[in-house]
Amino acid sequence: MPEKITHFEIHDIRFPTSLTGDGTDAMHTDCDYSSAYISLYATGGLVGYGMTFTLGRGNEIVCQAIAEVAKRLIGREPETFFANMGAAWEFMCADPQLRWIGPEKGVIHIATAAVNNAVWDMFARVRKKPLWKLIADMTPEELVNATAFRYITDAITRQEALEMLKAKESGKKEREAKVIEIGYPAYITSAGWLAYTDDKVASLMKEAVVAGFNHFKMKVGADFASDLRRGKLIRSIIDDPQHLPASASTYISSADGTAKKGRDPNSPELRGKNAGPTGAVLMMDANQVWDVPEAIEYVKGLAEIKPWFIEEPTAPDDIIGHAAIRRALKDSGIGVATGEHAHNRMIFKQLLQADAIDVCQIDSCRLAGVSEILSVLLLAAKFNVPVCPHAGGVGLCEHAIHLSLIDYIVISGTMERNALEFANHLHEHFHYPCSINSNGRYNVPSSTAEGYSTQMHQASIAEYEWPNGSYWVGVAEQHKQI
Ligand SMILES: [Mg+2]
């Protein structure tokens, strides 16, 4: 008898990050990092865990939508899904009634992400491989069958994708071994949140340099003078060799032939990123705060702090606007990045077709799960744009390392120009938390039991489930006493 999906549980989990200013940017000033979380069960003891991410209030609306999407899976055979995850994805997105409240955007799409992520997690667990390995071991034909191609074949066809994957087949084993040995490049965001004081930013930046990071991101867009001051402060730390750890490498400067501490800013992986003398790279993130002309003027004003790119300079759906900003900033040597709010593969297709981005920032919980992510990874590789996934929040780093590994091992074949976002929050709530090695790179998930790495501890759910978890009950009690 084939196994069948029997039931699911949904949890609305919220962490009180608004109390510490974690996650603050120009548009999101008091976020409670939240997970709309599903456990999907099948006969034979099979289970898959999936989630999407929100900032607090509204998480219950996503949980309700997850239930609607997941109901259609009851009674279905997981192995039928696993045999063709692209078809499974189409099925999940094509509810004749639910698609009206999308289609493929908004609450219903991020709810579909949670469910699709849970099915992929179950698939990886059943095969006893971490998710990245499950996909890295697929044949090109299997991977193409697992990918969502609807509405993007004007930019990439199945046949083209197949040929791209076959061309990368021979180097897969070597790349897998290499990344397991050295880790995947990361950058850090959690040292530069907007609500942090200058002293806190300075001490966190120094810690990040010692931890081996050499790509750093700061939030901008609320106050120009403050951004310029904080940017100069950050550059004064990351560009100063005295802050580098004793173990830092050295390079021979092409300018004066002497040995310098740090990484060569003219090396292929740093060229074009406005790297400073120690090879440090600064990125800026505006979280959609500006209109197009304002974005151009504001960012040009910050050119002296030499960012690699400005992230989300304007509305995430404004493809032509992003292209205009990118053209206008070209002479300043500042690129444009976006994607964490790009709600489906068609937005990414158009951003790429319009030459609107230098860096593609997929989000594991906004695109509707792994099948749609695969389509964007293939698109980005075809357009030769590096993928630096959005992460942070809760659970996003745990997901994103799998996606960057798939991109490197199977699809693009390159990683040294890339950098995967890392924020040092809330990893302790997961059974298989992501981790960073001493060179500031992500370690490769290795457990045969971890699937897509987002199984949460039962104790964390019991504490932070809203509104009846022990933490939130305690907060309500305190308010009664005031
Ligand atoms: Mg961002």
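Student: Which residue in S9 does aspartate 285 stand opposite?

Tutor: Aspartate 285 has glutamate 311, in S9, opposite to it. The model is predicted, so local features need pLDDT of at least 70 and side-chain atom pairs count only at pLDDT 80 or more, while totals for chains, interfaces and linings use all residues. Residues are numbered from 1 along each chain as its sequence is written.

Aspartate 285 belongs to strand S8, which spans residues 281–285. Strands (E, at least two residues) and helices (H or I, at least four) are DSSP runs, numbered from the N terminus. S8 is mostly covered, with 5 of its 5 residues buried (20 or more other C-beta atoms, placed from the backbone, within 10 Å of the residue's own; 12 or fewer is exposed, and in between is partly exposed). Val281, Met283 and Asp285 are directed to one side of S8, Leu282 and Met284 to the other, and all are buried.

S8 pairs with S9 in the parallel sense over 3 bridges; two strands pair if DSSP finds at least two bridges between them. The unit formed by S8, helix H11 (residues 292–301) and S9 is a right-handed β-α-β unit, that is, the path from the first strand over the helix to the second runs clockwise when the strands point away from the viewer. S8 also pairs with strand S5 (residues 215–219), again in the parallel sense and over 5 bridges. In this pairing, histidine 215 has valine 281 of S8 as its bridge partner.

Beyond S9 (residues 307–311), the parallel strand S10 is joined to it by 3 bridges. Phenylalanine 309 has glycine 335, in S10, as its bridge partner. From S9 the chain crosses to S10 through helix H12 (residues 319–329), and this β-α-β crossover is right-handed.

S10 is joined in turn to strand S11 (residues 359–360) by 2 bridges, and the two run parallel. Here threonine 338 has cysteine 360, in S11, as its bridge partner. Helix H13 (residues 345–353), together with S10 and S11, makes a right-handed β-α-β unit.

Apart from neighbours within four places in sequence, the contacts of phenylalanine 216 (C-beta atoms, placed from the backbone, within 7 Å) include Leu282, Ala280, Ile234, Ile238 and Met205. Phe216 is also, with Ile38 and Ile66, one of the residues that touch the most other members of the largest nonpolar core, which has 147 residues. Such a core is a set of buried Ala, Val, Leu, Ile, Met, Phe, Trp, Tyr and Cys residues joined through C-beta atoms within 7 Å. Helix H4 (residues 106–126) gives the most to this core, namely 12 residues.

In S2, isoleucine 38 stands opposite isoleucine 10. S1 and S2 (residues 34–42) are antiparallel and pair over 9 bridges. The open sheet has 3 strands in the order S1-S2-S3, with antiparallel pairing. Strand S1 (5–14) and strand S3 (46–54) are at its edges with a single partner strand each, so one side of each has no neighbour in the sheet.

How values were computed. Contact = placed C-beta atoms within 7 Å.
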